Amino acid sequence: MNFLEERIAKDGIVKEGNVLKVDGFLNHQMDIELFNSMGEEFKKRFAGKPINKILTIEASGIGIACVAAIHFGVPVVFAKKSKSINIEGDVYIAEVESFTHKCKNQVIVSKKFIGKDDHVLIIDDFLANGCALQGLISIVNQAGGTVEGIGIAVEKGFQVGGHLIRNLGYHLESLAIVDAMDASTGKITFREQ
Ligand code: 5GP
């Protein structure tokens, strides 16, 4: 097991409904040493790519993206969730259905912050059905930029997102892939990587 898998096995809690709770170290209380190791690992896995910007989505992608950004020496842009349909200003918009909250949000990014010359690494905490990622990819495409890669902390390999995004041809790297989890026993099975 790698460092993230070990931490998930130790502190992750399997909830009903295919939800893995990692709020003690990843998306509520945040273990910054762990984030630093994740940033280092992303830097290794995307070595040689001309990444000049990291894009993530609020809220729980932001911490991971910011620490990773130190390793890449690039700025972070985060897509803002907005319930309003009447969005003002010059923004890219994508529709994202939330896996955990079961609602649809529009996410927006100002046109000032992503453009055709950008080579973007997309980062998020979880990959489940791939909606959040498809929204972020759509924003980079609208901007005419290039998606150089996608870095995920925890992919739930038993949901469709990973398959879908890899089939689209993107370089997707997930630091931990959960192939199965059982809420009654708490057992988590990781994919060999
Ligand atoms: P997707 O759009 O791929 O279906 O879901 C990804 C988003 O849903 C992530 O941004 C993450 O915030 C949230 N998410 C999906 N599955 C889980 C989960 O098992 N646990 C937690 N904590 N968040 C999840």
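## The largest pocket

In this predicted model, the largest pocket has a volume of about 740 Å³, where a pocket is an open set of points, on a 1 Å grid over the protein atoms alone, with protein on both sides within 12 Å along at least five of seven lines. Grid points are joined across faces, edges and corners, and the volume is the space filled by probe spheres set on the points. The lining, made of residues with an atom within 4 Å of a point, comprises 30 residues, and Ser60, Ser98, Phe99, Thr100 and Asp125 lie nearest the centre of the pocket.

Strands E2, E5 (91–97) and E7 and helix H4 each give two or more residues to this lining, with E7 contributing the largest share, four residues; helices (H or I, at least four residues) and strands (E, at least two) are DSSP runs numbered from the N terminus. By class, the lining has 13 nonpolar, nine polar and eight charged residues, with Ala, Val, Leu, Ile, Met, Phe, Trp, Tyr, Cys and Pro counted as nonpolar, Asp, Glu, Lys and Arg as charged, and the others, Gly among them, as polar.

## The ligand and its shell

The ligand takes up the space of the largest pocket, a molecule being assigned to a pocket if more than half of its atoms lie within 2 Å of the grid points. Around the ligand there are 17 residues, of which Leu20, Asn129, Gly130, Ala132 and Lys156 come nearest; a residue counts as near if one of its heavy atoms lies within 4 Å. The shell has eight nonpolar, six polar and three charged residues. At least two shell residues come from each of E2 (19–21), E7 (119–127) and H4 (131–143), and E7 supplies the largest share, four residues.

## Polar contacts and cover

## Backbone features

The peptide bond from glutamate 58 to alanine 59 is cis, with omega near 0°, and alanine 59 is placed in the loop between strand E3 (53–57) and helix H3 (61–72). Asparagine 18, although not a glycine, has a positive phi of about 65° and belongs to the loop between strand E1 (13–15) and E2.

## Basis of the values

Residues are numbered from 1 along each chain as its sequence is written, and side-chain values use heavy atoms, with hydrogens and water left out. Local features need pLDDT of at least 70 and side-chain atom pairs count only at pLDDT 80 or more, whereas totals for chains, interfaces and linings use all residues.

Technical notes: 1 Å grid on protein atoms, 1.4 Å probe; cavity = no way out; pocket = protein on both sides within 12 Å on 5 of 7 lines; lining within 4 Å.
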